[in-house]
Amino acid sequence: MDILGEVINYEFGLLAFFIGLVATLFTRYSSIPQIIKGFKTKKMEDVSFWLIFHLTVGLALWVVYGILIDDFVIIWANTVGVVSNIILIGLKIKYSVSPFG
C-alpha cells in the first residue's frame, strides 16, 4: 500500500486524512494509561474482561473492513486498538483473581 499516494489521493483531502489521524491518537491510545496502571499496580480487578474482549473483536473487524476498502487510516487506527486491547486482556488474565467474572 502506497501511504503517500493514499494521502495525496484521499477522497476527502489532506485535512480529512489528518483529522482521522488525530482522532486515532485520541481514541486508540486511550487504553495506554490503563496498561501503565496495570503494569505498575499489578491489579486489574476493576477492568471488565468482556468489555475488552468485545471491543477487541469489533476493532479487528474494523481492520478487516479497512483492508477490504483499502483505507490506511481505518487499518492503522484499529490495528493499534487491537494490539493495546490484547495487552489489556493479557494483563487482566495475569493479574486478576477471577479474570472472566
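Here is a short chat about a predicted model and some of its residues.

Visitor: What should I know before we start?
Guide: This is a predicted model, so local features need pLDDT of at least 70, side-chain atom pairs count only at pLDDT 80 or more, and totals for chains, interfaces and linings use all residues. Residues are numbered from 1 along each chain as its sequence is written, and side-chain values use heavy atoms, with hydrogens and water left out.

Visitor: Why is Asn78 called buried?
Guide: Buried means under 20% relative accessible area, exposed over 50%, and partly exposed in between (1.4 Å probe, protein chains only). Asn78 has 8% relative accessibility, so it counts as buried.

Visitor: Where is Asn78 found, and what is it in contact with?
Guide: Asn78 sits in helix α5; helices are DSSP runs of H or I with at least four residues, numbered from the N terminus. Leaving aside neighbours within four places in sequence, Asn78 is in contact (heavy atoms within 4.5 Å) with Arg28, Leu59, Trp62 and Val63.

Visitor: Is Phe17 buried or exposed, and why?
Guide: Phe17 is buried, because its relative accessible area is 4%. Phe17 lies in helix α2, residues 13-28. Its C-alpha atom is separated by 7.4 Å from that of Val73, 56 residues apart along the chain.

Visitor: What makes a set of residues a nonpolar core?
Guide: The residues must be buried Ala, Val, Leu, Ile, Met, Phe, Trp, Tyr or Cys, joined through side-chain atoms within 4.5 Å. The largest such core here has 9 residues, among them Ile35, Phe49 and Tyr95. Its largest share, 4 residues, comes from α5.

How values were computed: Helix = DSSP H or I, 4+ residues; strand = E, 2+ residues; numbered from the N terminus.
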